[in-house]
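Open the model in a viewer and keep the selection tool at hand. The stops below go from one selection to the next.

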Amino acid sequence: MGGTLPPVIAIDGPSASGKGTIAEAVAQRLSFHYLDSGALYRIVGLVGGERGVNLDNDLEISIISLNLKINFESGRVWVDGRDVSAQIRGEVAGAAASRVAALPGVRRALMALQRGFRQPPGLVADGRDMGSVVFPDASLKIYLTATPEERALRRHKQLMEKDSGASMAALLQDIRDRDLRDSTRAAAPLLKCADAIEIDTTGTSAKEVVEQVLHLYQKHQKTQ
Ligand code: C5P
């Protein structure tokens, strides 16, 4: 046994920092697989809420996490045969995700599932703890940031495109609350690991950031 594991590019950062857009585009350019780990926590939060389970009950939510059949297929997300792509993107699922993500048992339950995405020729994974916990041996670790105001503005634009509005003040407050919860929780808090490269995306286009990440990856490959 033993062989070399496929390479991983880990992209972590706070909510609405553009991780998903960047990670997906980088994966496409390299023909790598893509893991949106936040979607897993969103699914668990959504299903836990639907089943009326207390979202702070680690044991019950962990059992749910272990038994869900999750499929990512051509940009859509299926859970137990149901398309939940739109629902998991809502602010309710986002807030529920942030609550269940604080439970250590749930994080353990989702670990094997996340590592299973590491398939040839490689993986781009985005989340909060991709570089620190799930793929500590990643070839490249990126930490994306942007000011809370810029992130609220991006979320506002996204919501407008979907015809669902929310006030900037409410979005900014939500982002600040989520940042605080994600960075102060005991289990796998959001942090920039020592070997991650920080990219501040405030005022930078997604295209530019994608080029920057690809350039860093090429540089890494040359040193191997
Ligand atoms: O990235 P996204 O906003 O979709 O993530 C939803 C929530 O899931 C985050 O607020 C965070 O609490 C949690 N999460 C996490 N670890 C990850 C990805 C997401 O704790 N790797």
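Helices and strands here are DSSP runs numbered from the N terminus, a helix having at least four residues. The model is a predicted one.

**Stop 1: the ligand**

Select the ligand and the residues around it. How many residues surround the ligand? There are 16 residues around the ligand, and the closest are R42, R107, R128, D182 and R185. Show the side chains of R42, R128 and D182 next. From R42, a polar side-chain atom lies 2.6 Å from an oxygen atom of the ligand. For D182, an N or O atom of the side chain is 2.7 Å from a ligand oxygen atom. In R128, the corresponding distance from a side-chain N or O atom to an oxygen atom of the ligand is 2.9 Å.

**Stop 2: R107**

Stay with R107, one of the closest residues to the ligand. Colour residues 104-115 to see helix α5, in which R107 lies. Is R107 buried or exposed? The relative accessible area of R107 is 8%, so R107 is buried, the limit for buried being under 20%. Now select the contacts of R107, leaving aside neighbours within four places in sequence: they are Y41, A101, D129, R185, A187 and A188.

**Stop 3**

Zoom in on the peptide bond from P120 to P121. That bond is cis, with omega near 5 degrees. Most peptide bonds are trans.

**Stop 4: two loop residues with positive phi**

Most residues other than glycine have a negative phi. Select A16, in the loop between β1 (8-12) and α1 (19-30). Phi of A16 is positive, near 60 degrees. A16 is buried because its relative accessible area is 17%, where buried means under 20%.

Then select S31, in the loop between α1 and β2 (33-36). Phi of S31 is near 55 degrees, again a positive value in a residue other than glycine. Is S31 buried or exposed? S31 has a relative accessibility of 52% and therefore counts as exposed, since exposed means over 50%.

**Stop 5: D179**

Select residues 168-184, which form helix α8, and pick out D179 within that helix. D179 has a relative accessibility of 17% and so counts as buried. Show the side chains of D179 and R151: a polar contact of 2.7 Å joins them. Apart from neighbours within four places in sequence, D179 is in contact with P14, S15 and R151.

**Stop 6: the cavity**

Finish inside the protein. How many cavities of 30 Å³ or more does a search of the whole structure find? The search finds 1. The largest cavity has a volume of about 30 Å³. To display its lining, select D12, G131, K141, I142, Y143, L191, K192, C193 and A196. Which strand gives the largest share of this lining? Strand β7, residues 140-145, supplies that share with 3 residues. Colour the lining by residue type: 5 residues are nonpolar, 1 is polar and 3 are charged.

Key: Residues numbered from 1 in each chain as written. Predicted model: local features only at pLDDT ≥ 70, side-chain atom pairs only at ≥ 80, totals over all residues. Heavy atoms only, no water. Buried < 20%, exposed > 50% of the residue type's maximum accessible area, 1.4 Å probe, protein only. Contact = heavy atoms within 4.5 Å. 1 Å grid on protein atoms, 1.4 Å probe; cavity = no way out; pocket = protein on both sides within 12 Å on 5 of 7 lines; lining within 4 Å. Points joined across faces, edges and corners; volume = space filled by probe spheres on them. Nonpolar A, V, L, I, M, F, W, Y, C, P; charged D, E, K, R; others polar. Near = heavy atom within 4 Å. Polar contact = N/O pair within 3.5 Å; in protein donor to acceptor, adjacent residues only side chain to side chain.
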